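Hi,

Here is the model I said I'd pass on.

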Amino acid sequence: MSATAPSTLEGTWALDKLHSTASFAVKHMVVSTFRTSFKDIDATFAADGDDIALTGTVPAESIDIDQPDFRGHLMSAEFFDVANTPNIEFRSTSVKRGADDAVEVEGELTVKGITQPVTATGTLSGPVADVTGTDRVGVELEADVDRSIYDLNWNAPLPKGGEALGKKVVLAVHLEFVRQEA
Amino acid sequence: MRILGISGSLRKDSHNTALLRAAAELLPPGVELELFDGLKAIPPYNADEDTPELQGPAVQALKDAIERADAVLISTPEYNHSIPGVLKNALDWASRPVADNVLRGKPAAVIGASTGLFGAVWAQAEVRKVLGAIGAEVVDRELPVMQAHAQFDEYGNLHEEDLRVQLAEHVAALVEAAASKKVAA
């Protein structure tokens, strides 16, 4: 096979949704951790020289929770308020690459219509050619956010002490991009 | 030894009734759990009818079931952060007459399941509070079973070993309280 695919990040990349996830974890009941993900995510990745840009959008209603009462609470204004602010959005402002695929991404995360700066760290790997010769890039990022800055303040004191739901939410994305033909 | 299980849910496929059935499978040898099935028939509490003659057979059945049990295990759902009305109503009937009600001195423990993230933890606390006010010997433990719709297999067994262990420890604590009561008696 004539492996002539360029080995740089230069160009635009499309999300392979099947191999990508966006999830979060939050402490609840003081000691337990609740994790879930969003079923529908979209993201873009583009490199122009050293200038790398990453964007992402997740409809809050695609959260992977089916139980109607639980889901209804999360969709309500006490949490994501999907009637007024359906999407969670991210846009990078700076992508800094380090050694061994390390990457630090600064950007703006919009949740419930409120935009706040966020810093995520992780890895940016590739490109590597898959079995069909198509270049792929992997982006794995994690960020801690305080949910209260997005007006996601629901809580309740537990009978035996402590708060029902933690303030810190750990966001994690595992994204796989494929090179777009020029 | 006999434990009376009372589910605070009337629903046919109640997670809390399933939780009591799961508890029944985890009891030590020589201990049986009777599931009380008369909650729906209990009328709204009315002090005018609060006499042995007027309280009716459903209330009598509840009081008899509690009386012949060595301990009571209540599994409660949570409605609006609190106790389901039917359960509170039954406990109100059982609390009468105050001085020598059937729950007075009776070892009692509370568990609970909900479909959300918190396993009826607030309702459990309120049931313990109410049982304490009535005079029961309340085991000071909670067992919140969260996302209850996903916790049981098709045979009604709990999926998670951790949860089975916690439930076994919970009922063991109740059995121990009832056993020490029997020794003392």
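I'd start with helix 5 of chain B, whose buried residues are covered by elements including strand 1, helix 1, strand 3 and strand 4 of chain B. Buried here means 20 or more other C-beta atoms within 10 Å of the residue's own, with C-beta atoms placed from the backbone. Helices (H or I, at least four residues) and strands (E, at least two) are DSSP runs, numbered from the N terminus.

Before I go on, some housekeeping. This is a predicted model, so local features need pLDDT of at least 70 and side-chain atom pairs count only at pLDDT 80 or more, while totals for chains, interfaces and linings use all residues. Residues are numbered from 1 along each chain as its sequence is written, and chains are lettered from A and ligands numbered from 1 in the order in which they are written.

Back to helix 5 of chain B. This helix has 24 residues and spans 34 Å from first C-alpha to last, close to the 34 Å expected at 1.5 Å a residue (that is, 1.5 Å times one less than the number of residues). Its buried residues are B:Leu167, B:His170, B:Val171, B:Leu174, B:Val175 and B:Ala178. Setting aside neighbours within four places in sequence, B:Leu174 is in contact with B:Ile3, B:Ala71, B:Leu73, B:Pro107, B:Ala109 and B:Val139; contact means C-beta atoms, placed from the backbone, within 7 Å.

B:Leu174 turns up again in the largest nonpolar core, which has 57 residues: together with B:Ile66, B:Val72, B:Leu73 and B:Ala108, B:Leu174 touches the most other members. By nonpolar core I mean a set of buried Ala, Val, Leu, Ile, Met, Phe, Trp, Tyr and Cys residues joined through C-beta atoms within 7 Å. Helix 4 of chain B gives the most to this core, with 8 residues. Apart from it lies another core, of 31 residues, with A:Ala22, A:Phe90, A:Val105 and A:Leu141 among them.

Now chain A. The chain has 1 helix and 10 strands, in the order β-β-β-β-β-α-β-β-β-β-β along the sequence. Its C-alpha atoms fill a box of roughly 65 × 30 × 30 Å along the principal axes, and buried residues make up 24% of its 182 residues. Of the contacts between residues at least 6 apart in sequence, 56% join residues at least 24 apart.

Towards the end of the listed strands, strand 8 (residues 114–129) and strand 9 (residues 135–146) of chain A pair antiparallel over 7 bridges; pairing takes at least two DSSP bridges. A:Leu124 stands opposite A:Val139 in strand 9 of chain A. The hairpin has 5 residues between the strands, and A:Gly133 takes a positive phi near 90° there. Strand 9 of chain A is also joined to strand 10 (residues 165–179) of chain A, antiparallel, by 11 bridges, with A:Gly138 opposite A:Glu176 in strand 10 of chain A.

How many residues does each chain bring to the contact between A and B? Chain B gives 11 and chain A gives 11. On the chain B side, helix 4 (residues 121–134) gives the most, with 3 residues.

On confidence, chain A averages a pLDDT (the predictor's confidence in each residue, from 0 to 100) of 93, and 96% of the residues score at least 70. Residues 1–6 of chain A fall below 50, and this stretch has 6 contacts beyond near neighbours in sequence.

Cheers

Conventions:
A residue is buried if 20 or more other C-beta atoms lie within 10 Å of its own, exposed if 12 or fewer, and partly exposed in between; C-beta atoms are placed from the backbone. Two residues are in contact if their C-beta atoms, placed from the backbone, lie within 7 Å.
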